[in-house]
Amino acid sequence: MKLHGMVLVLLPILLLTGCGTNDSSPSSTSTTLKPTVLQVLRPTLKDYGIPSLDRTVRDATAVQRLYAAAYKLPAPPSGRINCPLDIGLVYQLDFLHDKTSLQKMTLQATGCQFLFLDKHDVRASDYAFQLLFSKTIGVPSLVPGQSHP
Amino acid sequence: MAILPRTHQSTYHFPSHQSNSPNSCFGCPSVNWAGNVDTGARGTYRDGSVTVTVPNINGALSNSNSDGSYWVGVGGDSYITSPAEVVQAGVDTYKACSACPQYNTSWWEVYPNIKPEQDLPLCRLNTGDQVYSFIDSNDNNNGKDYFYISNVSANCYNSHTETNQSYFSDSATGECIAERTGNNSGGYYSLPDFGTEQFSGCTIDTNTRVDGVGNYTHIYHYMTSDGTSSGRVLAYPGPITNSGYDFPVYWKGGA
């Protein structure tokens, strides 16, 4: 009985913690509540004449698609990286369920274009993700005036 | 000493500042690059070469894990174009602490589509050695990226070829750059005190023209702590000389 009781207590904990694996999916809190709103802020970059941008996306399907895509991105490769030019332009993302913030992220628009899911979880964004992000927030490119193929 | 912006008094004919991209910022700050960049439409710049001296990393490090690189490349200006793909080769200097030994490596890299720095080892790579680097990316549509590094002082070389077309440069830019390298935590290493790095014979090629970096439409970048003009200056390029081919990059700060 005692053992059975312990299993009943430990099983939910193990399930919640992912049994110690390096789970790349959103946190348990985030999975319970799916994001329905995305707020995006791009601070001004005076040196490059780039104005600030403040967007709110309320298309829950699009928001959840982007959210899922973010968690599917790989970690950056290990080793020293000579990144493309980094002008310091970033997008601050806040995924909300209605008015409750579930997850804040930061996307570097230039340079290595990493996506910071939080302080300790960094992902390497790719062109497909950058296009999806641009489309989701309704801008033609991450850097205004950029040329594309 | 007044350091920025650089005055444009040099011995070469200064080209008109026109770019095929609506984005052009002449003499702008960046988080990680200091040097000169030729700009144009995607597909313009295919080859590049430069000679640098392996610097002696001076003084006390402001932070541990200082890492800087000095390279020639085509593509990679993500302000001008997207997706930016940089094909590059050069020399890297690394020091883990002030009293630690200096490690020098020669390398090639295609980013973001392949991997970070890939070693292209030479017979030796000592402080003071002159190193010539050459890269090309789909030059005259030859279907390959080619990397060649030679230790001129030791008379030895190494090379590498990539044939996957997804590794080709965006070729919207050609550049010679001093860079503080990034790490997989999403941050940058501290820039080691390299003193003055002279970029000699910085030559950029299109499919039809071979010329000095200063003889095309070009911009320059200087490096600051946060990538803004109000940030602390870390490194900046001096005037281009020798008919558009040579310029120095000065170290100013580490973090």
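I began with the open sheet of chain A, in which six strands are arranged antiparallel in the order β2-β1-β3-β4-β5-β6; strands are DSSP runs (E, at least two residues), helices are runs of H or I with at least four, both numbered from the N terminus, and two strands pair if DSSP finds at least two bridges between them. At the edges I found β2 (53-57) and β6 (121-124) of chain A, each pairing on one side only.

This is a predicted model, in which local features need pLDDT of at least 70 and side-chain atom pairs count only at pLDDT 80 or more, while totals for chains, interfaces and linings use all residues. Residues are numbered from 1 along each chain as its sequence is written, chains are lettered from A and ligands numbered from 1 in the order in which they are written, and side-chain values use heavy atoms, with hydrogens and water left out.

Looking at one pair, I noted eight bridges between the antiparallel strands β3 (residues 90-97) and β4 (residues 100-108) of chain A, with Lys104(A) as the bridge partner of Asp94(A).

I then turned to the interface, where 45 residues of chain B and 32 residues of chain A are in contact (heavy atoms within 4.5 Å). How many salt bridges cross the interface of chain B and chain A? I found three, taking a side-chain nitrogen of Lys or Arg within 4 Å of a carboxyl oxygen of Asp or Glu; one of them joins Asp67(B) to Arg80(A) at 3.3 Å, N to O.
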